Amino acid sequence: MLRTEMRNEASRHIDQMDTLSMMKLINQENRNAVEAVEAALDTVAQVCDVVADRFEKGGRLFYIGAGTSGRLGVIDAAECPPTFGVPRGQVVGIIAGGEKCMVQAAEAQEDDPDAGAEDLRKHGLCDRDVVIGISASGGAAYVVGALEYANSVGAFSVSLSSNPDSPMERVAKIGIVADTGAEVITGSTRMKSGTAQKLILNMISTCAMIKTGKVYENMMINLRPSNKKLRERMIRIVCEIKGCDHDIAEQLLEDYDWKIRDAVQ
């Protein structure tokens, strides 16, 4: 049996616990998710280096998954343009069943390997790209089909799952396994497994952006002034780098079309 489908002995009687005891148990299991990510960091770092290298060569990063895994990929991709100022097509999130499945579950969509391949084909996948297939079980046919297609066009394929030696891992060039173990609610991989996936996707996208010059020290210097909050953040960044006051920083950004790099040169 897959580890993600096993019963968790610690939560066997969770239905009889008081609320605070439930919370403490779930939080302890969340700590186990963080430890699972820690154990996988060597592999995560390898993937990050590949992504950064492909970015430098004009390649793109694709996340593809079904259900919770697909949603997490779409979320991470959506946050890259406002955070790092990259074009929307540089990091792409694809969920089985399309955008409607971001808000409405459609579990049967994960059983179609041809759909996974077709969803990548629509984006003109090429050998400069990286495809990270995400599935807690590691066996979603939709994701396996996507990774097989990625291999066929020479893209770099990566699997991210919570079970070792999965069908996805056997197809991918690199397999990331965050072994989060049995879930608090048996089989509910939106919990620990989803937490681990979110942490890992954050690491890969963030560190790849750092390595390709989108961050100075620990500040986002590729921000775009798309709302009041971000404009104020940009002003604070210029104040910090230039050692100037708010008004001067704002004027510098105005003078340089709200481009931090140019404003602080």
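Helices (H or I, at least four residues) and strands (E, at least two) are DSSP runs, numbered from the N terminus. This is a predicted model, in which local features need pLDDT of at least 70 and side-chain atom pairs count only at pLDDT 80 or more, while totals for chains, interfaces and linings use all residues. Residues are numbered from 1 along each chain as its sequence is written, and side-chain values use heavy atoms, with hydrogens and water left out.

**Stop 1: around Lys 192**

Is Lys 192 buried or exposed? Its relative accessibility is 3%, so Lys 192 counts as buried. Buried means under 20% relative accessible area, exposed over 50%, and partly exposed in between (1.4 Å probe, protein chains only). Show the backbone of Ala 182: its oxygen lies 2.7 Å from a polar atom of the Lys 192 side chain. A polar contact is a pair of N or O atoms within 3.5 Å; within protein, one must be able to donate a hydrogen and the other to accept it, and residues adjacent in sequence count only if both atoms are side-chain atoms. Leaving aside neighbours within four places in sequence, Lys 192 is in contact with Asn 8, Glu 29, Asn 30, Ala 33, Thr 180, Gly 181, Ala 182 and Glu 183. Contact means heavy atoms within 4.5 Å.

**Stop 2: helix H1**

Select residues 19-39, which form H1. The 21 residues of H1 reach 31 Å from the first C-alpha to the last, close to the 30 Å expected at 1.5 Å a residue. The expected span is 1.5 Å times one less than the number of residues. Colour Leu 25, Glu 29, Ala 33, Ala 36 and Val 37, the buried residues of H1. Looking down the axis of H1, these buried residues fall within an arc of 140°, so they line one face of the helix. The arc is that of the directions from the helix axis to the C-beta atoms. The buried residues of H1 pack against helix H2 (41-56) and helix H7 (192-211). Turn to the other side of H1 for the exposed residues Leu 20, Lys 24, Glu 35 and Glu 38. At the start of H1, a side-chain oxygen of Asp 18 comes to within 3.1 Å of the backbone nitrogen of Leu 20.

**Stop 3: the nonpolar cores**

Next, select Ile 132 and Ile 176. In the largest nonpolar core, which has 34 residues, these two touch the most other members. A nonpolar core is a set of buried Ala, Val, Leu, Ile, Met, Phe, Trp, Tyr and Cys residues joined through side-chain atoms within 4.5 Å. Elements giving two or more residues to this core include H1, H2, strand E1 (61-65), helix H3 (67-84) and H7. H2 gives the most, with seven residues. Not counting residues up to four places away in sequence, Ile 132 touches Val 47, Leu 61, Phe 62, Tyr 63, Ile 64, Val 158, Leu 160 and Ile 204. Another core, of 21 residues, lies apart from this one; among its members are Val 131, Ala 140, Leu 147 and Met 168.

**Stop 4: strand E2**

Select residues 91-95, strand E2. Four of its five residues are buried, so E2 is largely enclosed by the rest of the structure. E1 and E2 pair in the parallel sense over five bridges; strands pair if DSSP finds at least two bridges between them. Phe 62 stands opposite Val 92 in E2.

**Stop 5: Asn 222**

Asn 222 lies in the loop between strand E7 (219-220) and helix H8 (228-242). Asn 222 is buried, at 9% relative accessible area. A polar atom of its side chain lies 3.1 Å from the backbone oxygen of Phe 84. Leaving aside neighbours within four places in sequence, the contacts of Asn 222 are Phe 84, Gly 85, Lys 214 and Arg 261.

**Stop 6: helix H9**

Select residues 246-255 for H9, and pick out its buried residues Ala 249, Leu 252 and Leu 253. They cover an arc of only 95° around the axis, which puts them on the same side of H9. H8 and helix H10 (260-263) are included in what covers them. The face turned away from the buried side carries the exposed residues Asp 247 and Asp 255. After H9 comes Asp 257, with a positive phi near 55°.
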